[in-house]
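Visitor: Could you take me through some of the labels used for this model, and show what stands behind each of them?

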Amino acid sequence: MWFPKQPAEKIGVNGLVQSIEKAILEQQLKVGDRLPPQRILAYKLKVNPTTVSRAYQRAAEKGLVGGQIGRGTYVLAQSNAALFNRCLLEQQQGVIDLSINKLECDETLLKINQRIYADNVFFQQPLYFEYIGAGVIQRYQLAITQWLQRARDIDFQAQQILPLPSCQYAIHFIFSKLLKRGDLIIVEQFTAPGIIAAAKQHGLRLFTCKCDDQGLIPSALASTIKQTNSKVLITVPSNQSPLGTTQSEQRRRELAQVIKEQQLLVIEEDIYGMYSKPAPLAKYAPENTLLLSGFSKCLSGGHKAAFIASRHPMLENLAKHVIETVWLVSSSATSHIISAIENKHLDAAIKHVSAKIQTKNLLLNTIMHSDLNLSNPHHWIESNDEFIQQAAQAGVILAHSDNFSVTGGTEKAVFYRLGVSSIDIDKIKKAAIVLAGLK
């Protein structure tokens, strides 16, 4: 079992947190490893148990560790230290990281992006290399409206599109401009770590709403609104991370009815929407929803160009601060997306990535004797801490459900998320063989 090497009189709360982070970076502590029980570590270091408790809490706030009563404290896969270390290990030791969802740019996707460059009318112009201007913004807005109508079956006007550098930035932007510290937001029980981190950073409280295998339950949402008096919901209705669930059209209509009746402000993250058939929730509650999306999961993670699309009156308030967003949006990235949409290259990219996701999932099902949804870019599988730790020791990194828990990992069941987007087929096969062997 790992113990810090610093002298007890120098450890302190900050020192212990630094020791944990350093141990993760140096692989003394690996993903899934348990830290010593608080009382044992306090005895070992000859410090007050409160010191250890506060250090573990601070380490959890930094995303280094997670845990709950009865299961202990262990290293999380999503911490910056762990992610940085795994990037090195992937190159040096062949570690296969299935815990994150970054887009793999294979040869086909590379050629599609090269064709986009060739068709980009802005490429040889000075404005391609300048701060973004009104002309590029307006063309980007028009291109987004075309794509949303064609691919997501929802209509917007150009002025209802607000350019942003990324969906994560959009969440921070909305939180800072429309909400105030202490406000309560309704959310799924498990959601994106970025949403949880942004809420903490802006001093917002998250309250979970019950879900089933289709996500949010309409009756539960109505009850939660009444219980909390909250008027804000943030939801991921398509390929929800880590659940992988997608709300049916009927479910979206039922939720929209509750949303409109309760005059709820809905922040809908639709970053994986292109891989599911139902139109965004925003189609069914257009006056209540801020739709967030981008193209980092289907075309190019390196081109930072996302957007908010909305008919909500609040968009006008956000637009007043547009200078804070457009200076961060790259002309080159935006014109790349324009070229991709106007020349239908984006459609080709989505079709290719979707087909590859299905191929990988079929391979996983065959080797692991599982029944994973073939269209999902990631999956949520019930397991236990020991399995996740054994997988890490065997070189396969999985994301623990505590990374996505709004309630801080207090759930009795343990799940891991398995992502297929960022790994090539050969590595998926190797990982599947490892995981099947651990069952």
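Visitor: What is the phi of Gly63, which follows H3?

Guide: The phi of Gly63 is positive, near 80°. This is a predicted model, in which local features need pLDDT of at least 70, side-chain atom pairs count only at pLDDT 80 or more, and totals for chains, interfaces and linings use all residues. Residues are numbered from 1 along each chain as its sequence is written, and side-chain values use heavy atoms, with hydrogens and water left out.

Visitor: What makes residues 49-61 a helix, and what span does H3 reach?

Guide: Helices are DSSP runs of H or I with at least four residues, and strands are runs of E with at least two, numbered from the N terminus. H3 has 13 residues and reaches 18 Å from first C-alpha to last, close to the 18 Å expected at 1.5 Å a residue (1.5 Å times one less than the number of residues).

Visitor: Why is Asp153 called partly exposed?

Guide: Buried means under 20% relative accessible area and exposed over 50%, with partly exposed in between (1.4 Å probe, protein chains only). Asp153 has 43% relative accessibility, and therefore counts as partly exposed. Asp153, in the loop between helix H6 (134-152) and S4, has a positive phi of about 60° although it is not a glycine.

Visitor: Why does Gln263 count as exposed?

Guide: Its relative accessibility is 56%, so Gln263 counts as exposed. Gln263 lies in the loop between helix H10 (249-262) and strand S10 (265-269), and its phi, near 50°, is also positive. Most residues other than glycine have a negative phi.
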